[in-house]
Amino acid sequence: MKLSYVNRINFKKLKKYKGKSMFLIIPVTFLMAMGLIVSSQANNIMSASKQTIFGTAAEAGRLIELTSAQVTGGTQSEQGNQSIRFMFGGDTNYTDSDVEKISGIKNVESAALTVPVPISRIETNDLFSGTSVSLNNLQTLNNQISAQYTDQNFSYTAGEPIPIILNANSFIKNYEDWGGQDEITVNIGGTRRGVNPEEIQNQAPFKFEAISYDKNSLIGKEITISFGGLDPLQTYEQEFTGTGVLFRKLTADQKQANETARQSAISQYWDYNAINTPLTYTFKIVGIVESESNRASYIPDAFANQLMNNYIQKQLDARTDTEIPADSLNSTFYGMTYDGLQLQSGGFGGIGGFRVMGGGQGGPEISASGSADSSSDKTGYTIPGLVIQTERQEGDTDAFQQRVFGSSATATGVNTDSTVFDQSVHSSDTIVIRINDIGNRSQVVKDLNSAGYAYQDLSNQEVFSQLQNTLHNVTRIVTVAFIILSAVIIVLTMGKFVSESRKEIGVFRALGATKGDIKKLFMSQAIMYTLIGYIGGAVIGLILVLIIAKPVQLWFDSFIINTVKETFAVVQKTNAGAFAHIDWEMFGVYTALLVIIAILVSIVPAIKASRISPVQAIKNE
Amino acid sequence: MANIIETRGLTKEYQDGDSKVLALDNISIALPEKENMVIIGTSGSGKTTLLQLLGGLDYPTSGEVIINKQPINKLDDNKLSSFRNKTIGFVFQFFNLQDYLTARENIALPLLLDGQSQEKAFKRAEDLLKQINLEHRTNHTPAMMSGGEMQRVAIARAMANNPKIIMADEPTGNLDKTNAENILELFDEIAKKQGVSILMITHDESMARRYKNVLHLYKGKLKK
């Protein structure tokens with residue numbers, strides 16, 4: 001018999017025996033509607049919790065900041081203000097090969113270094129009125145992993161303000177307080193436990209304090225940042241005594257003399273005004289990092305190459321025709337160093353003397369490195385954009401020392417390639433890793449550690465994972481129940497239909513129906529009734545998802561208030577629309593499952609039907 | 001003249017629990033073409049079993065069934081189905097019309113099972129409805145018809161594929177006297193006009209008088 005007529009017969013049967021047909025249709029309708037509602041609402045609750053409970057935390061939970069930086073010293077100030085801490089860069093430099101290795105870890109979507117931008121003077125006056133803020137630890141950040149620090153767009157577009165993520169640890173005001181005196185002595189060896197930072201801080205005339213800020217008003221603000229320019233001249237001189245340092249204010253004449261000396265030294269080789277004028281760019285603040293361990297501010301890596309290129313080119317353009325003697329490099333003129341592989345900042349050793357670095361590498365630092373220089377009575381100047389070519393130092397070099405004090409390798413000349421930053425091997429003490437799903441975080445952390453990258457996961461994503469797992473399980477259970485129940489329903493009801501149709505089957509067989517015809521007849525019936533139930537369930541399910549969106553929202557909001565509000569600070573209100581989304585993916589899954597199940601499972605009663613003998617047509621009772 | 005129905009040593013055993021029941025015991029019959037026959041017997045005589053075997057609804061335990069020169073007990077299930085569809089028309093005591101189908105659809109069913117188009121099948125069904133004077137029932141379901149009408153529709157269904165034989169199982173058993181007479185007349189007419197052999201089983205002795213060939217069955221055996 002033709003399939004079209006087989007279907008016609010079943011449709012006529014359905015019309016005649018509506019009530020009986022409902023034994024199959026209604027359960028399928030119910031299952032489909034339930035499946036749709038549960039999977040859709042589980043999905044909706046999932047995304048609502050992502051938005052409301054965790055906000056960007058869920059997204060940030062996909063990121064791991066692997067850093068070798070360590071924080072030591074300093075205590076949280078009682079006033080709740082930002083404390084001043086001593087920050088030492090990590091003792092390991094990660095390179096592109098580490099990035100490659102980590103990228104190979106399962107479920108790692110991408111990994112990138114945050115490469116320090118080796119510019120020694122980066123300042124802005126636009127953040128806080130009357131105060132200049134240094135952003136000395138500026139690093140590059142890949143757009144793909146920017147979610148670690150910002151929820152806003154971090155891509156660089158030429159001609160538009162450049163996105164920047166500032167570090168709150170940089171919000172430090174530096175000032176001098178001589179207490180009305182011209183001389184101050186700081187006792188360094190006065191305490192037994194060695195240098196006590198707080199004591200020095202109190203005694204020294206150079207003060208720094210954290211600036212209070214309002215994060216919300218900073219975000220979105222456009223600021224101008226200057227790169228380069230000469231360091232301000234010291235306003236004091238210092239002398240090492242047996243137990244400490246004596247600071248003495250310079251007189252106006254002395255200051256003028258220093259300025260004249262610097263100008264004449266630099267002018268031989270550079271246009272003084274040009275070298276003293278910084279590059280400026282307009283930035284837009286898209287994020288504020290507030291972290292005890294992270295002291296870096298970030299700019300897009302796509303912009304960093306351009307910046308470094310311009311920075312070095314500016315120095316090259318300012319050069320006079322006079323050749324710089326090699327022996328003045330790293331002794332009179334300091335700058336970045338390039339050993340053919342790595343481009344490094346000049347560190348802080350080049351200035352000579354004892355100096356307080358406001359917001360230096362990872363925050364304020366006191367560097368007492370310059371004693372050798374001061375004793376040789378030679379003044380050094382940092383030239384912005386100057387790249388000193390050095391010999392490559394092979395072997396075990398201390399990354400931290402190099403970063404802070406600069407390379408100690410022999411200078412061989414000036415590098416005149418402005419693209420040297422782009423070409424150099426990038427290294428950093430931080431790699432940011434993006435995981436494809438927050439649920440895989442613990443596995444990635446485990447794999448990181450077994451790959452030799454020590455990382456202790458302090459981020460508490462457990463609650464989120466648990467909720468996610470619960471909701472996934474609910475959907476999974478509903479799906480499994482859906483499969484089992486629909487299969488059972490089809491087998492049982494169709495089995496019943498077959499037993500009740502023994503006479504009918506016999507008559508069909510007597511009239512010439514083959515076993516195949518009978519199979520077709522019952523499979524068509526099972527599939528047709530299932531599909532009718534499916535359509536009904538889909539329609540009812542879709543409508544119910546919309547109808548219950550509001551009650552689910554109310555339940556969800558009260559659930560949030562009662563349970564997780566104390567754990568998570570950020571709680572936004574949801575709206576009913578968030579719970580009116582249909583999980584089309586599961587809709588598709590259920591549709592496919594139902595068709596497959598109806599076909600597979602109806603084979604059983606269909607075979608049973610085909611085995612019914614034609615003698616059933618004429619049978620002695 | 002060739003035989004339309006012929007059996008040789010036809011035997012059928014059933015398993016009933018632990019014991020075997022011999023329903024038919026060594027039946028050999030022959031019915032010439034274009035002749036009718038009635039099989040008569042009481043309940044349990046084996047007449048229904050004989051009809052099942054002759055109609056290709058079941059296989060014998062032993063012996064041969066030759067219908068229209070074809071030994072049907074050797075056919076596989078598909079070929080036997082096709083044989084039933086084309087060679088035999090069945091008429092049942094309780095009509096066995098599908099209650100969800102109209103008169104036309106019921107009559108067209110054997111043609112549709114044969115894979116014919118609906119158009120062709122319905123055309124044939126309408127012609128048959130005209131022959132049995134039930135044109136007004138074309139689109140009526142069995143529930144709207146009288147017993148006599150239903151049985152006429154059932155006979156039309158049996159006729160649909162132009163079979164060689166119509167096998168009727170107590171066709172009047174569920175009808176009143178007038179209707180029964182009409183049905184028997186219809187059979188006579190069909191047999192005469194279309195050259196179809198009618199094989200009828202009944203327990204009614206009076207019916208046997210209408211037919212030349214009468215087989216008496218008793219406990220699975222032929223009674224002379």
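In which sense, left-handed or right-handed, does α3(B) pass α4(B)? In this predicted model, the crossing of α3(B) with α4(B) is right-handed. By class, the residues of the contact between α3(B) and α4(B) comprise 10 nonpolar, 1 polar and 4 charged.

The contact between the chains draws 22 residues from chain A and 26 residues from chain B. On the side of chain B that touches chain A, the elements giving two or more residues are α1 (47–54), α2 (77–87) and α3 (103–113) of chain B, and the largest share, 6 residues, is that of α2(B). This side of chain B is made up of 10 nonpolar, 10 polar and 6 charged residues.

In chain A, an open sheet of 4 strands with mixed pairing runs in the order β19-β18-β22-β23. Its edges are formed by β19 (343–344) and β23 (411–414) of chain A, each of which pairs on one side only. The pairing of β19(A) with strand β18 (residues 333–338) of chain A is antiparallel and extends over 2 bridges, and A:Tyr338 has A:Leu343 in β19(A) as its bridge partner.

Definitions and conventions
Residues are numbered from 1 along each chain as its sequence is written. Chains are lettered from A and ligands numbered from 1 in the order in which they are written. This is a predicted model: local features need pLDDT of at least 70, side-chain atom pairs count only at pLDDT 80 or more; totals for chains, interfaces and linings use all residues. Two residues are in contact if their C-beta atoms, placed from the backbone, lie within 7 Å. Ala, Val, Leu, Ile, Met, Phe, Trp, Tyr, Cys and Pro count as nonpolar, Asp, Glu, Lys and Arg as charged, and the others, Gly among them, as polar. Two strands pair if DSSP finds at least two bridges between them. A crossing is left-handed if the near helix is turned anticlockwise from the far one by less than a right angle, and right-handed if clockwise.
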